[in-house]
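Hi,

Here is the structure I promised to pass on. Have a look at it first, and then read my notes below.

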Amino acid sequence: MTTWMLRRLIQAAFVMLVMTVIVFIGVNVIGDPVEILISPEADQAERARAVAALGLDKPLWEQYWRFLSGALQGDLGRSFVFNEPALKLIAQRMPATLELAITAVLLSVILGIPLGLYAGLRPNSIGGRAIMGASILGFSLPTFWVGLMLIMVFAVQLGWLPSTGRGPTRELFGVQWSFLTWDGLRHMAMPALNLALGNIALVLRLTRAGVRENLPMDYVKFARAKGISPNRVVFVHVLKNILIPIVTVVGLEIGGLIAFAVVTESVFAWPGMGKLIIDSINVLDRPVIVAYLMMIVLLFVVINLIVDLLYTVLDPRVRLETKE
Amino acid sequence: MSATSHDAAPMPPKQETPFRRFVSEYSESPVAVASFVLVVLIVSIALLAPFISPQNPYDLAQLDIMDGRQPPGSKSLEGLTFWLGTDDQGRDMLSGIMYGLRISLGVGAGSAVIACVIGTALGLIAAFAGGKTDTGIMRLVDLQLSFPAILVALMILAFLGKGVMNVMLALVIVEWARFARTARSAALVEARREYMEAAQCLALPKWRLVFRHMLPNCMPPIIVIFTILVARSITLEATLSFLGLGVPITEPSLGLLIANGYQYMLSGKYWISFYPGIALLVTIMAINLVGDQMRDVLNPRLKR
Amino acid sequence: MSDTTLEVQGLSTHFLTRAGVVRAVEDISFSVGRGRVLGLVGESGSGKSVTGFSVIGLVDPPGQIVRGKILFQGRDLTKLDERELQDLRGNRIAMIFQDPMMTLNPVLRIDTQMIETVLAHDNVSREEARQRSRDALGMVGIPSPDERLVSYPHQFSGGMRQRVAIAIALLHRPDLIIADEPTTALDVTIQAQILAEVQKLAREVGTALIWITHDLSVIAGLADDIAVMYAGRIVESGSVAEVLDRPMHPYTHGLIGSVPSRNARGTRLRQIPGMTPSMLNLGPGCAFRARCARADAACAADPPQSAPSAGRTLRCFHPQLEMTA
Ligand SMILES: Nc1ncnc2c1ncn2[C@@H]1O[C@H](COP(=O)(O)OP(=O)(O)OP(=O)(O)O)[C@@H](O)[C@H]1O
Ligand code: SF4
Ligand SMILES: [Mg+2]
């Protein structure tokens, strides 16, 4: 188990390293580093000074080394726009995004699994077919358009929910959260649902497929032959089996949700890091862009690690193999 | 296709060619047929937009700011009916959508074609070369696919700046990996078939093997992936344009049309966003449904 | 309590598939008395498992019982609702499945799977349920049951898993056990041990047993009665001694002839020529006639069930009374 953990950690570190190289090359080779790292408003003399200060006249590998050691110390440059360390800006916005993404994950599980169970247990019922039909829509509707329609219906026409923003927040562990206030929750409802939509469809389909696949299995029949209640057969025997792939997929999708929050945050003016990155791309605030990319890759790698771990906890077959 | 001299030979009137079989199996689902007709219709509208649209939405001389934000069905000062209303510039939405479709389809299909060529080539190379080349290419594919498309696209646009060409490049980079993976696995299956062995015995040159024999047989799964990825490119382009990172405001795609209408929606002027959205939706759904049916028909595992 | 634990009368179970009707079980009747063992034999696809599943009411859709009665201690099981059946299953009637690799839930621990069975029918503490599970594991010869209880199925061999399944079947000391080829996956010594255990149970507790198998030698050593199935019908039945010593149906003759021990060493095993007919849309007439040496024009009609002697049944127009060499 420990050697397995160690190997995964080394792998993760390696992916991070590769990403620093890619981002470094993207910024310094493909893009023009002077333009990227120095404020566009700087004049000629300022430029020359900055080039020397940033070491842009040094060989590439040395520049990379500076970039890497800076990154390791949490220094990814300062934002031109906010004149603050880029990493600090990202860190400030991260809770809003994480809050949104985690709520979306919860929504996709809370809604997706029951709907999928229903569609799987009653595949030919009207309800079951309707759920499957709707799930196809959930996959192919563009997120941003669904977001607009949500705003149009629930904010503009019905006036039930606030259209944009994060609403009032409350502090917990030194961070501001929306979900701790009622109005904050109302602000979060539409963006979270919007972000979750594709994942609800995904979880629903996985669940349904799992039910269809597991129901005819002998172990289900044997469980019934033991005289245990139908509910226990479905919610303990079958669900435990299909939960394993679902947890894996949902876990791996969290990264995707955080990345996709870019769209939802833009639609609902949610002040998370996705909104920040779009604004930064638009005004060419490159240090923030670099910080965002490094941060999100880190999140990805960490999430994948956690999912791998969770998978081994859930599935006894894998767990024992890795132990030995 | 065939030379006329061959046609003289007595032939059964209805030969069961693979294409015929494909068509007949595809037609089994009415929804799929309707979707196909719809796709043809949409593509025709996009191609013929300059001839059939009521207005040239790019020609500023034809626009009158006084006609701005008119609801659907209202008339312009010159008596032109705006069936789907107008945007803030006084642009007829119907015309805007027709031209927008051109750009959306063009960017979507164009990038998918390029990605298809590059990806398929790399996939075939991986399958054929094997060894280190194969591992190298597939590692790259895995790395690429482990990050969501939107993130990769954002990264590229962040490096290169916004613009249509950069969006297309981003789409190509996002998609080539799927083609590579599909082509490689299809090629590996094909490589084990008898005709490949037979061709090898005849000592035909290797490139000839790949292009004349293997590629045509690998086509079905690639076509399916292509269809689905065109739909995905269109969605992604619309999303990027909506975020303001894609096409320029002077020649808006559907995504940008929707974005333009966004600010007016809160004041109840829904049509500026709504109708381009419907056009986008119908396009994506139709292409997806066509792709789904093709997959079902071409997938040997589902064959009865 | 009456002496007959289970009496099946004219049972037909059909699968209404899209391709047509599969008459997996057609008009079969048999009974098993308290403490007695009925051997159900027949080749693959003859409907043995479907018969078993019909009795506990677990026929997979699109299959359904279309006719007949299943009287368990006088109650007709076909008339019971799902809830009443659930109370009987695993409690008064237990079943052991054919494939031990597939019967246990791969992601639940053995103790979970055993304890839930105890708790489903008896209002006892978890501790007592665990104790009973442990005892049952010991009974089927699983060493260090305490340790085994906290294991997962994949840590067991096929034979061990089947023993766990048998232990689960024994938990409530049921009145009827349907054992679907339970010992095929076990090695000979374990098989003997389990057979002895089961026989003991039958004698002491009065459990009735339906033992489904391909293996006539197991039947010869274990069963009191035998029913031979062919293409969904019971073609011959009676006490083991009589049927195996003086078989009448040509198919039974064929089965006995193909048992290795009855052949002289070195001679080739005699196979029944031909193949099992497809059960899909099987027409009228004796289903065995394509493979039967004695078949004639009469066999194009359904052979009715006759009673050649007390306690025996037969479905054949031309019984074969002498043994083939
Ligand atoms: N779910 C089903 N759908 C359609 N037909 C079925 C189904 N289950 C069983 N059958 C049919 O019922 C017949 C009897 O099957 P059954 O499993 O009872 O045979 P068996 O005697 O137990 O054979 P084996 O020794 O191989 O276990 C078979 O011909 C099979 O085709
Ligand atoms: S009824 Fe006819 S065909 Fe059938 S077993 Fe008897 S003799 Fe053979
Ligand atoms: Mg069976």
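How many residues does the contact take from chain A and from chain C? The answer is 22 residues from chain A and 30 residues from chain C, where contact means heavy atoms within 4.5 Å.

Before the rest, some housekeeping. This is a predicted model, where local features need pLDDT of at least 70, side-chain atom pairs count only at pLDDT 80 or more, and totals for chains, interfaces and linings use all residues. Residues are numbered from 1 along each chain as its sequence is written, chains are lettered from A and ligands numbered from 1 in the order in which they are written, and side-chain values use heavy atoms, with hydrogens and water left out.

**Chain A with chain C**

These two chains bury about 2400 Å² between them, with 61% of it on carbon and sulfur atoms. (Buried area is the accessible area, with a 1.4 Å probe, that two parts lose on being put together, summed over both.) A:Lys221, A:Phe222 and A:Lys226 supply 30% of the area that chain A buries here, more than any other three residues. The rule finds 4 salt bridges across this interface, a salt bridge being a side-chain nitrogen of Lys or Arg within 4 Å of a carboxyl oxygen of Asp or Glu. In one salt bridge, the side chain of A:Lys221 meets that of C:Asp60 at 3.0 Å, N to O. On the chain A side, α9 (218-225), α10 (230-267) and α13 (316-323) each supply at least two residues; helices (H or I, at least four residues) and strands (E, at least two) are DSSP runs, numbered from the N terminus. The largest share, 7 residues, comes from α10(A).

**Chain B with chain A**

Here 37 residues of chain B are in contact with 39 residues of chain A. The buried area is about 3300 Å², and carbon and sulfur atoms give 85% of that. How many salt bridges does the rule find across the interface of chain B and chain A? It finds 0. On the chain B side, the elements giving two or more residues are α6 (149-160), α9 (206-242), α10 (254-265) and α11 (271-298). α11(B) gives the largest share, 9 residues.

**Inside chain C**

Chain C has an open sheet of 7 strands in the order β6-β7-β8-β3-β9-β10-β11, with mixed pairing. β6 (93-96) and β11 (313-314) stand at the edges with a single partner strand each, so one side of each has no neighbour in the sheet. Two strands pair if DSSP finds at least two bridges between them. Strand β7 (residues 176-180) runs parallel to β8(C), and 5 bridges join them; C:Ile177 stands opposite C:Leu209 in β8(C).

Is C:Thr213 buried or exposed? C:Thr213 is buried, with a relative accessible area of 7%. (Buried means under 20% relative accessible area, exposed over 50%, partly exposed in between, with a 1.4 Å probe and protein chains only.) C:Thr213 is found in strand β8 (residues 208-213). Leaving out residues up to four places away in sequence, C:Thr213 touches C:Leu40, C:Val41, C:Gly42, C:Lys48, C:Glu181 and C:Ile219.

One of those, C:Lys48, is also among the buried residues of α1(C). That helix (residues 48-56) is mostly covered, with 9 of its 9 residues buried. Just after α1(C), C:Gly57 takes a positive phi of about 70°.

Cheers
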